[in-house]
Amino acid sequence: MADDLCSFTKDVFITKAPKKSPLVLRMIVLVFAMVCGVYICSICVKQISTRSKAGFLNIPVIQKACPEPNIEPWEIPYVHHPKPKTYSRAECACNPVRYFAILSMQRSGSGWFETLLNNHTNVSSNGEIFSVKVRRSNISTIVETLDKIYNLDWLSSASKNECTAAVGLKWMLNQGLMQHHTEIVEYFNTRGVSIIFLFRRNLLRRMISVLANLYDRDAKLLNGTHKSHVHSPHEADILAKYKPTINATLLIPNLKQVEETTAKALEYFNSTRHIILYYEDVVKNHTTFKIS
């Protein structure tokens, strides 16, 4: 009996566990492979969608900054790189531009002086822009006009090309300049505008020129046309034949008024970067104001 029990227990321990079915193992491997495949495919789909979206992004083009100009440090505020709205400066975008304004009075040689400036290939002086009253009706219209000029968007016969190196205008003292002098001084200092004062030393000759010009507006001595500025000796001789009559009683007060207006202008714009020129000096010696 004991032998039978011993034999039974031995058989129990010797009996091996049944093997798992190979079909179950294959199913487990297959499911694992499917899960891995789905995961990898989802990652690939995400990457493809990201790339396709990136193709429609608006990436701004950053323009290369212009190199520092080789000038003195104090001159940097007066050198600019305007970006016109009406055209592109192309290869001249990094060419520095200087802003100027010729402040003068009628019959002081400003037209002749401006012609000298415009003879330079890359200098544009756009004339007596504020002779039109609408442009000087208030400080807002004045600033709007100045912005257009100094942004190189003002088109006139004096406009050069995209490589303009200096741009400005001619501005008479009685064209809103004195009335809005505080705001205009602030504008000039903020924008780095250089002022060229042009006056006449001989105020009596200036007065005679004013009277002769007023007479020719009605008489139109040059073939029925009025010209404020002549361009030949022949035209000058025709206009010089007129001899205006001067009121001796008002002569001294009128000359003093011109002197006071000139002094006020110099006082108002004293804080700006400026130079004072006289017509007679420039006529006698052109090196007084030399353009290089």
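Let's start with salt bridges, meaning a side-chain nitrogen of Lys or Arg within 4 Å of a carboxyl oxygen of Asp or Glu. By that rule the count comes to six. Before I walk through three of them, a word on the source: this is a predicted model, so local features need pLDDT of at least 70 and side-chain atom pairs count only at pLDDT 80 or more, while totals for chains, interfaces and linings use all residues. Residues are numbered from 1 along each chain as its sequence is written, and side-chain values use heavy atoms, with hydrogens and water left out.

Take Glu128 and Lys170, whose side chains meet in a salt bridge at 3.8 Å, N to O. Glu128 sits in the loop between β2 and α4 (139-150) and Lys170 in strand β3, so this pair ties together parts that are 42 residues apart in sequence. When I say helix or strand, I mean DSSP runs numbered from the N terminus: H or I with at least four residues for helices, E with at least two for strands.

Next, please look at Asp147 and Arg191, a salt bridge with its closest N and O atoms 2.9 Å apart. This pair also links distant parts of the chain, with Asp147 in helix α4 and Arg191 in helix α6, 44 residues apart. Both partners are partly exposed, Asp147 with a relative accessible area of 31% and Arg191 with 24%.

Arg200 lies in the loop between β4 and α7 (203-219) and Glu280 in helix α10 (residues 279-284), so parts 80 residues apart in sequence are tied together. Arg200 counts as buried at 16% relative accessibility, and Glu280 is buried as well, with 17%.

Now let's step back to the whole protein. Its secondary structure comes to ten helices and five strands. Of the 292 residues, 30% are buried. Contact here means heavy atoms within 4.5 Å. Among contacts with a separation of 6 or more, residues 24 or more positions apart account for 74%.

On to the sheet. What is the strand order? We have an open sheet of five strands, β2-β3-β1-β4-β5, with parallel pairing. The edges belong to β2 (123-125) and β5 (274-278), each with a single partner strand, so one side of each is left without a neighbour in the sheet. From one strand to the next, the twist averages 20 degrees. Two strands pair, by the way, if DSSP finds at least two bridges between them.

Six bridges pair it with β1 in the parallel sense, and Tyr99 has Val193 as its bridge partner in β4. On the β5 side, five bridges join the two parallel strands, with β4 covering residues 193-199. There, Ile195 has His274 as its bridge partner, and Ile196 stands opposite Ile275.

Is β4 buried or exposed? Seven of its seven residues are buried, so the strand is largely enclosed by the rest of the structure. Val193, Ile195, Phe197 and Phe199 point one way, and Ser194, Ile196 and Leu198 the other. Helix α6 (residues 181-191) lies across β1 (98-104), β3 (166-172) and β4, running at about 125 degrees to β4; axes are lines fitted to C-alpha atoms, for helices over the stretch in contact, and angles run from 0 to 180 degrees between N-to-C directions.

One last stop, in the loop between α2 and β1, where we find Ala93. At 35% relative accessibility, Ala93 counts as partly exposed. Leaving aside neighbours within four places in sequence, Ala93 is in contact with Cys66 and His81. Ala93 and Cys66 are 27 residues apart in sequence and 8.2 Å apart in space, C-alpha to C-alpha.

Definitions and conventions:
Buried < 20%, exposed > 50% of the residue type's maximum accessible area, 1.4 Å probe, protein only.
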